[in-house]
Amino acid sequence: MDMEQLTELAASTADHDPLVGLDAVTRLRAETERIEAVLVRRARAKGTTWPRTADVLGVSKQAFHKKYAGRGLFGGRS
């Protein structure tokens, strides 16, 4: 999804029909989750530690580990 599409979705959250807004929020949430996973993968590939990545995301190391442990992002370390 490109920036124009993201901008349109964000604008849709203010639609007069709350169901349109809720649909946009659902789609934005899914896209931000996808983007987060890509960026976490990139950070790990560059050698960023998982505790540091968790800190940047503002989550506990345990929460980060639970979310990403099965995705092969810990480089054999957990």
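**A residue in helix H2**

Reply: Glu31 lies in helix H2, where a helix is a DSSP run of H or I with at least four residues, a strand is a run of E with at least two, and both are numbered from the N terminus. The model is predicted, so local features need pLDDT of at least 70 and side-chain atom pairs count only at pLDDT 80 or more, whereas totals for chains, interfaces and linings use all residues. Residues are numbered from 1 along each chain as its sequence is written, and side-chain values use heavy atoms, with hydrogens and water left out.

Glu31 has a relative accessible area of 9% and is therefore buried (under 20%; exposed is over 50% and partly exposed in between, with a 1.4 Å probe and protein chains only). The side chain of Glu31 is joined to that of Arg34 by a polar contact of 2.7 Å (a pair of N or O atoms within 3.5 Å; within protein, one must be able to donate a hydrogen and the other to accept it, and residues adjacent in sequence count only if both atoms are side-chain atoms). Leaving aside residues up to four places away in sequence, Glu31 touches Met1 and Leu6 (contact means heavy atoms within 4.5 Å).

Helix H1 covers residues 3-12 and H2 covers residues 18-45; their axes come within 8 Å and cross at roughly 140° (axes are lines fitted to C-alpha atoms, for helices over the stretch in contact, and angles run from 0 to 180 degrees between N-to-C directions). That angle makes H1 oblique to H2 (under 35 degrees counts as roughly parallel, over 145 as roughly antiparallel, 65 to 115 as roughly perpendicular, and the rest as oblique). The H1 and H2 crossing is left-handed (the near helix is turned anticlockwise from the far one by less than a right angle; clockwise is right-handed). H1 contributes Leu6, Leu9, Ala10 and Ser12 to the contact, and H2 contributes Val20, Gly21, Ala24, Arg27, Leu28, Glu31 and Ile35. Seven of these residues are nonpolar, two polar and two charged (Ala, Val, Leu, Ile, Met, Phe, Trp, Tyr, Cys and Pro count as nonpolar, Asp, Glu, Lys and Arg as charged, and the others, Gly among them, as polar).

Ala10 belongs to H1 and is partly exposed, with a relative accessible area of 39%. Its C-alpha atom is 8.6 Å from that of Gly21, eleven residues apart along the chain.

H2 also packs against H3 (residues 50-57): the axes come within 10 Å and cross at roughly 145°. The H2 and H3 crossing is right-handed. Glu36, Val40, Ala43 and Arg44 of H2 meet Trp50, Thr53 and Leu57 of H3; by class, four are nonpolar, one polar and two charged.

Taken as a whole, the protein chain has four helices and zero strands, in the order α-α-α-α from the N terminus. Of its 78 residues, 23% are buried. Among contacts with a separation of 6 or more, 38% join residues 24 or more positions apart.
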